[in-house]
Amino acid sequence: MSGGTSQCFEPNDALVVVLSMCCLGTQTVNAYQAFVEFDPAVMAFDHGTYTASPFGLHIPLSVDGNTIILSAGCDPLAGQQPTSEDADLAVLTFRAAAVGTAVVGFVVPHDPPTQLSDAYGSPVIPTLVPTGPISVQASCCTLKGDMNCDGAVTFADIDLFVEALNGESAWTHACPWLNADCSGDSNVTFADIDPFVAVIGTTCP
Ligand SMILES: [Ca+2]
Ligand SMILES: [Ca+2]
């Protein structure tokens, strides 16, 4: 089971996480339950919907604190059969609440556990892959020279710019290292110093 991909969000943006299953091989699955947690300091849960297939029978999705509880299974009356195919199971929509970085993952350990079940109710133990990191930034616009991703190039970016000159492997900040490429050659070198000074004072639209 896993979720979506990493990208930048601004406060109040919708964050959509798709719960899916894959790579079951020859193991067929009849149902699942999942306990999904999120960081309420960075994101707020808005709503979630189950997919109609492959599991059309589900209990209403519920939220317990920062944990979302999901459970669904095949609907034999609708002709649904246990399946081993890759499938999306549910779509969870969050709102970016505050600047920060968060992961949407599974509560492990949990009793009962997050698991898939075969037609006999026996567990098919999944490899649980979290989504993220989801980065909520004050501004997601890419601004050459904006080294702290606050949407403006100011004196506060100078120390970080100098740090970026040490190379990408030494860069430990969430804001992209390549923002220091002010010359546009996809590298960060001393040749970027003059163009960096020239963009001090620019802001995101
Ligand atoms: Ca900045
Ligand atoms: Ca450059």
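What you're looking at is a predicted model, where local features need pLDDT of at least 70, side-chain atom pairs count only at pLDDT 80 or more, and totals for chains, interfaces and linings use all residues. Residues are numbered from 1 along each chain as its sequence is written, while chains are lettered from A and ligands numbered from 1 in the order in which they are written.

Now for the strands, which are DSSP runs (E, at least two residues) numbered from the N terminus. Two of them pair if DSSP finds at least two bridges between them. Strand 7 (residues 67-73) turns up in each of these pairings:

| Partner of strand 7 | Sense | Bridges | Residues facing each other |
|---|---|---|---|
| Strand 3 (residues 31-37) | antiparallel | seven bridges | Tyr32 and Ala72 |
| Strand 5 (residues 57-58) | antiparallel | two bridges | Leu57 and Gly73 |
| Strand 6 (residues 62-64) | antiparallel | three bridges | Val63 and Ile68 |

Strands 6 and 7 also make a hairpin with two residues between them. Gly65 sits in that turn, with a positive phi of about 65°.

There's an open sheet too, made of three strands in the order 2-8-4 with antiparallel pairing. Strand 2 (14-21) and strand 4 (43-50) are its edges, each pairing on one side only. Strand 4 is joined to strand 8 (residues 87-96) by seven bridges, and Ala44 has Arg95 as its bridge partner there.

Definitions and conventions:
Helices (H or I, at least four residues) and strands (E, at least two) are DSSP runs, numbered from the N terminus.
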